[in-house]
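Student: Can we go through this one together? I'd like to start with helix packing and then turn to charged pairs.

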Amino acid sequence: MSDKSERQGYWYGLESRKQMGAVDVLNALRDYRSAEADMRRRTQAAMGMGETDLMALRYLLEAERAGRDVGPKELTVRLGMTSASMTSLVDRLVRSGYVTREPHPTDRRALILKPTPGSDQEVRSTLGDMHARMMEVAETLNPEESAVVVDFLRRMRSAIDSVAP
């Protein structure tokens with residue numbers, strides 16, 4: 001790819017040097033998102049899981065660390081799924097040994113979902129090295145640079161969150 005086509009990006013026209021810098025930033029962000037999507041596919045393949053399965057497991061692990069119980073209804077809302085799809089997802093996670101269904105401590109009609117101890121270890125071993133490398137890169141930023149990057153990413157999220165469905 002030529003330097004000119006890299007600078008123009010996929011649909012951005014360039015009217016000023018400032019826009020050229022902005023397009024470079026957006027292209028770098030696009031390249032990062034593409035690399036992250038590739039990494040997620042490799043991780044899912046290594047763990048034998050789909051993206052939604054991995055998102056569910058991550059949410060359950062985070063809830064467990066926070067000392068919160070999560071039931072299928074909460075997970076359904078969190079992932080924006082139907083109850084039938086959630087039942088299939090939980091069945092897969094239970095069959096694969098990543099999650100257990102347990103009786104709710106106060107509501108005998110309800111269940112809670114718990115990640116198995118092995119699932120936490122597998123996620124950590126699969127993602128640990130990558131997270132360490134990402135942390136090393138992030139630690140190269142000084143506090144002012146970190147603040148600029150965080151502010152930029154939050155404003156970018158706000159910009160894309162405001163796009164109507």
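This is a predicted model: local features need pLDDT of at least 70, side-chain atom pairs count only at pLDDT 80 or more; totals for chains, interfaces and linings use all residues.

Student: At what angle do α3 and α5 pack?

Tutor: About 75°, with the axes of α3 (residues 51-65) and α5 (residues 83-95) 10 Å apart. Axes are lines fitted to C-alpha atoms, for helices over the stretch in contact, and angles run from 0 to 180 degrees between N-to-C directions. Helices are DSSP runs of H or I with at least four residues, strands are E runs of at least two, and both are numbered from the N terminus.

Student: What does that make α3 and α5 relative to each other?

Tutor: Roughly perpendicular, the class for 65 to 115 degrees; under 35 is roughly parallel, over 145 roughly antiparallel and the rest oblique.

Student: Which residues meet there?

Tutor: T52, D53 and A56 of α3 meet L89, R92 and L93 of α5, where contact means heavy atoms within 4.5 Å. Three of the contact residues are nonpolar, one is polar and two are charged. Nonpolar covers Ala, Val, Leu, Ile, Met, Phe, Trp, Tyr, Cys and Pro, charged covers Asp, Glu, Lys and Arg, and the others, Gly among them, are polar.

Student: Which α3 residues are buried?

Tutor: D53, L54, A56, L57, Y59, L60, L61 and A63. Buried means under 20% relative accessible area, exposed over 50%, and partly exposed in between (1.4 Å probe, protein chains only).

Student: New topic. How many salt bridges are there?

Tutor: Eleven in the whole structure, each a side-chain nitrogen of Lys or Arg within 4 Å of a carboxyl oxygen of Asp or Glu.

Student: Where do K114 and D69 lie?

Tutor: Their closest N and O atoms are 3.0 Å apart. K114 lies in strand β2 (residues 111-115) and D69 in the loop between α3 and α4 (72-79), so the pair ties together parts 45 residues apart in sequence. D69 is partly exposed, at 36%.

Student: And which helix holds D161 and R157?

Tutor: Both are in α7 (residues 143-161), four residues apart, about one turn of the helix. D161 counts as exposed at 52% relative accessibility, and R157 counts as exposed at 57%.

How values were computed. Residues are numbered from 1 along each chain as its sequence is written. Side-chain values use heavy atoms; hydrogens and water are left out.
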